[in-house]
Amino acid sequence: MAGTIKAYETGAGKRYMVRYRKPDKSSTDKRGFRTKKEAELFLASVTVSKAKGEYVDPAAGRATIGILGPLWLEKKSTLKPSAYRPLEIAWRVYVLPKWGRHSVASIEVAEVEAWISQLIKGTAPRDRQLGRTKKVPAQKQLSATSVLRAVGVLAGILDDAQRAGRILKNPARGNENLPRKSSNKTRRYLSDDEVMRLASAIADPVRSVLVLTLAYTGLRWSEAIGLRVRDVNPLRRRLHVRRVQVELDGMFHEGEPKNWERRTVPFPEFLRPALEQLCEGLGPNDHVFVDDLGNHLRQPNIAKSWFLAGQARAGIERLTPHDLRHTAASLAISEGANPKAVQAMLGHKSAAMTLDVYADLFPDDLDDVAVRLDARATAATDVGEMWVNVGIRTA
């Protein structure tokens, strides 16, 4: 027998209880059915789900996001600090306030979709304490990246619940209203003259050399300030990217480069004397780009900093330090460097990624291709005569 149905009396009237065996052969029951028909339908659904291997124990599904979330986050603690920190913030600020008290089995697709819409509009619950909410001002609506990260955290927690047999399907996967990251951001590229003006407008020699290094090697900020004296090879004009220094909450964390890939980057000859001077009197493990007290240089603040002041003095449109990395790619490509060389310099995973990121730097190549193909065709035959032969009027 698949199970039994028994009636019992309550203060509200007659109710029915279903007793059945779970796949592990232990017995359980569910009470509160108002009619025998409801109880029979439930028992039939349990029987079918067991036969299909899709049975989900109701007790397991009562585990809340607030309980399972920290367990999921703990598994991510092995990530680099720069990767872990955004996940922890998304969990604490966006996922926990909304879903912390929800059992995993109670979450519906429609609820998740509504939450995603709220995130996009900037009206989703958010706070540092469970249960407290406030609206995000319109001017601070979440970026697509932040929305995708918050949804990804919830989806990851529910993935674990699904693997543990707490839920049959993950309601946070496959949503069609997720925002898409913009792939057509306008990038700022400096000319050689602008780079030199900017470097000259910065009085501090260490910061001035840092600007030139970023603009002519394509290093990320964390990679540049992570350079040690032993990473600088002036004879071969090479910088060895082995470790990075990432600033999080005012503290610096040393770690592996992005994508865990160490690389060697060339630098132009004119930088050699400056880099050699910065390394004078230092030990091989000392960092190259430090302030007067030997501390790491902090990334310039977007509102007020030596970097912005230098731009103002140089008469250059506002840009970020990361734009100097884009400038390095632009300068290399303009000098005819092939995508594979630019990929190696920037540390991209593939040349295809380099082409995708800097597709806007290659539009003239299309005209060049057309010109070259035209030259090949006209060298092979009298094109005008060919058109006449096939009946095409060219005049």
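How are helix 11 and helix 12 oriented to each other, roughly parallel or roughly antiparallel?

**Entry: before looking**

I noted that this is a predicted model. I counted 15 helices and 8 strands in the protein chain. I looked up the confidence next. The average pLDDT of the protein chain is 86. I also saw that 92% of the residues score at least 70.

**Entry: helix 11 and helix 12**

I found helix 11 at residues 321-334 and helix 12 at residues 339-346. Their axes come within 10 Å. They cross at roughly 155°. Angles over 145 degrees count as roughly antiparallel. Helix 11 and helix 12 are therefore roughly antiparallel to each other. I noted the hand of their crossing too: it is right-handed.

Then I listed the residues that meet. Helix 11 brings Arg325, Ala328, Ala329, Ala332 and Ile333. Helix 12 brings Val342, Met345 and Leu346. In this contact I have 7 nonpolar residues, no polar ones and 1 charged.

**Entry: helix 5 and helix 3**

I moved on to helix 5, residues 144-163, and helix 3, residues 81-99. They pack at an angle of about 75°. Their axes are 9 Å apart. That makes helix 3 roughly perpendicular to helix 5.

From helix 3 I wrote down Pro86, Leu87, Ala90, Trp91, Tyr94, Val95 and Trp99. They meet Arg149, Ala150, Val153, Leu154 and Ile157 in helix 5. The contact of helix 3 with helix 5 divides into 11 nonpolar residues, no polar ones and 1 charged.

**Entry: helix 5 and helix 2**

I checked helix 2, residues 65-75, against helix 5. The two axes come within 9 Å and cross at roughly 100°. That makes helix 2 roughly perpendicular to helix 5.

Which residues of helix 2 meet helix 5? I found Ile65, Leu68, Gly69, Trp72 and Lys75. On the helix 5 side, the partners include Val153, Leu154, Ile157, Asp160 and Arg163. I sorted the residues of this contact into 8 nonpolar, 2 polar and 3 charged.

**Entry: where I read with care**

I looked for stretches with pLDDT under 50. One is residues 128-133, for which the model has 13 contacts beyond four places in sequence. Another is residues 135-139, with 5 such contacts. Where pLDDT is low, the predicted coordinates should not be read in detail. I left both stretches there.

**Entry: the chain as a whole**

How far does the C-alpha trace span along its principal axes? I got about 90 × 80 × 40 Å. I also looked up the radius of gyration, which is 31 Å for the protein chain. A compact globule of 395 residues would have one near 21 Å.

Conventions:
Residues numbered from 1 in each chain as written. Predicted model: local features only at pLDDT ≥ 70, side-chain atom pairs only at ≥ 80, totals over all residues. Heavy atoms only, no water. Axes fitted to C-alpha atoms, helices over the stretch in contact; angles between N-to-C directions. Helix = DSSP H or I, 4+ residues; strand = E, 2+ residues; numbered from the N terminus. Parallel < 35°, antiparallel > 145°, perpendicular 65-115°, else oblique. Left-handed = near helix turned anticlockwise from the far one by under 90°. Contact = heavy atoms within 4.5 Å. Nonpolar A, V, L, I, M, F, W, Y, C, P; charged D, E, K, R; others polar. pLDDT = per-residue confidence, 0-100. Rg over C-alpha atoms; globule rule 2.2 N^0.38 Å.
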